[in-house]
Amino acid sequence: MASCLIVDDSKVVRMVARRILEDLNFDILEAEDGQGALDICLKGMPDVILLDWNMPVMNGLDFLKQLRLSDGGGEPVVVFCTTENDMAHIREAISAGANEYIMKPFDRAIIEAKFSQVGVL
Amino acid sequence: MNSQDFQLLSTLVRERSGLVLTEDKVYLLESRLVPLARRRGLNTLEDLAGELRRTNDEKLKEDITEAMTTNETFFFRDNKPFDIFKENILPHLLKARAGQKTIRIWNAACSTGQEPYSLAMLLKEESAKLTGWRVEIMATDISNEVLEKAKAGLYSQFEVQRGLPIQLLIKYFQQMGEMWQIDSSIRAMVKFEKLNLLDNLSRVGGFDVIFCRNVLIYFDNPTKAKVLNQMRNILAKDGALFLGGAETVLGICDDLKPISGLKGVYTPAENGILAAS
């Protein structure tokens with residue numbers, strides 16, 4: 001079973017994403033900010049990371065940059081999932097090493113479409 | 001609604017679009033036509049049927065037909081047909097049409113334009129191989145409303161997230177407030193036209209590739225046969241017809257053959273496209 005780390009400071013968003021992704025047969029891990037996500041990744045890299053942008057302690061973009069510099073950190077497929085829905089943010093995320101980008105609000109159809117595009121479904 | 005009203009509306013829609021509505025689809029009539037009735041100041045489908053009987057209004061008939069057609073579509077729907085087009089059909093045509101350097105593609109029942117624009121973006125990505133070539137994409141639909149939207153190339157945030165890879169959004173779209181608009185360079189590659197598939201199709205000319213996906217499922221067998229036979233007549237001998245995942249020509253149009261190994265793709269000559277490649 002593939003693993004997916006959901007990183008979002010909103011408990012509600014994590015819950016909604018978890019329901020969709022469990023249904024798609026992912027093993028779920030959760031973190032509420034970038035630092036928590038990094039700690040999890042350094043112990044063992046997940047297959048996919050669903051990543052919010054604006055979070056306290058360490059935001060999604062800073063997490064992504066650190067992840068890609070770490071040992072084995074090039075492996076996980078990273079899908080941003082954020083309310084930042086303008087072209088400047090999208091470009092910045094992709095050039096920092098994100099594989100796909102979801103603009104909130106999302107639903108099951110969007111998660112499925114994006115995950116199948118990056119080849120994890 | 002009573003069965004006379006159902007008959008009136010379903011016969012109208014069937015004659016005009018080929019769409020078959022059985023009695024179990026009453027809910028579909030209600031969900032699609034009640035909003036239309038309200039816009040005309042009518043409350044119920046009975047009132048709408050009454051209005052139709054009384055006025056025999058051409059515009060009303062057209063609006064009812066348009067409202068009943070299904071317009072669900074998204075970018076690169078099902079992915080696989082687009083991979084097949086890129087990896088099998090396009091390389092074949094680049095060889096077989098090297099003399100005239102022209103490829104004509106028809107997108108039948110294009111709805112709001114995501115499918116022809118997916119093909120246009122795909123061709124743009126392959127443009128290095130197409131220098132000096134003329135590639136025409138004609139996209140048609142029965143509904144004026146969806147064609148207007150298709151021509152504008154304006155999509156909601158939800159629509160650009162269904163099937164469109166983020167790299168292509170970055171490359172070929174501009175943000176317009178809440179909406180996203182596909183580049184004029186891509187829009188210019190597609191010619192949109194109103195066309196009813198039940199009409200005589202010979203006027204649209206000959207094609208190398210036809211995309212007609214998830215359209216025939218709404219028709220009965222005689223209508224399917226009529227449309228497929230017409231398509232066969234305007235498709236090049238080594239051309240390719242793409243149908244939807246749940247559709248087939250088997251038992252309906254024997255002059256079109258499946259191409260082995262390419263699911264959902266049909267050609268007029270047996271193994272035409274493979275024999276030539």
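Predicted model: local features only at pLDDT ≥ 70, side-chain atom pairs only at ≥ 80, totals over all residues.

Colleague: Which residue forms a salt bridge with A:Lys104, and how many residues apart in sequence are the parts that the pair ties together?

Modeller: Side chains of opposite charge can pair when their charged atoms come close. The partner of A:Lys104 is A:Asp52, with the closest N and O atoms 3.4 Å apart. Because A:Lys104 lies in the loop between β5 and α5 of chain A and A:Asp52 in the loop between β3 and α3 of chain A, the pair ties together parts whose separation in sequence is 52 residues; helices (H or I, at least four residues) and strands (E, at least two) are DSSP runs, numbered from the N terminus.

Colleague: Which residue does a cis peptide bond join to A:Lys104?

Modeller: The residue in question lies in the loop between β5 and α5 of chain A. The cis bond has an omega of about 5°, and it joins A:Lys104 to A:Pro105.

Colleague: What volume does the largest cavity have, and which elements give two or more residues to its lining?

Modeller: On a 1 Å grid over the protein atoms alone, a cavity is a set of points where a 1.4 Å probe fits but cannot get out, and lining residues have an atom within 4 Å of a point. Grid points are joined across faces, edges and corners, a volume being the space filled by probe spheres set on the points, and the largest cavity comes to about 40 Å³. Among the residues that line this cavity are A:Ile6, A:Val13, A:Leu50 and also A:Asp52. The elements that give two or more residues to the lining are β1 (3–7), α1 (11–23) and β3 (48–51) of chain A.

Colleague: How many residues does each chain bring to the contact, and which residues of chain A lose the most area to chain B?

Modeller: With contact meaning heavy atoms within 4.5 Å, chain A brings 19 residues and chain B brings 15 residues. Buried area is the accessible area (1.4 Å probe) that two parts lose on being put together, summed over both, and here it is about 1500 Å², 58% of it on carbon and sulfur atoms. Together accounting for 37% of what the chain A side buries, the residues that lose the most area are A:Met87, A:Met103 and A:Gln117.

Colleague: How many salt bridges are counted between chain A and chain B, and which element gives the most to the side of chain A that touches chain B?

Modeller: Between chain A and chain B the count is zero salt bridges. On the chain A side, at least two residues each come from α4 (87–95), β5 (100–103) and α5 (108–117). The element that gives the most, with five residues, is α5(A).

Conventions
Residues numbered from 1 in each chain as written. Chains lettered and ligands numbered in written order. Heavy atoms only, no water. Salt bridge = Lys/Arg side-chain N within 4 Å of Asp/Glu carboxyl O. 1 Å grid on protein atoms, 1.4 Å probe; cavity = no way out; pocket = protein on both sides within 12 Å on 5 of 7 lines; lining within 4 Å.
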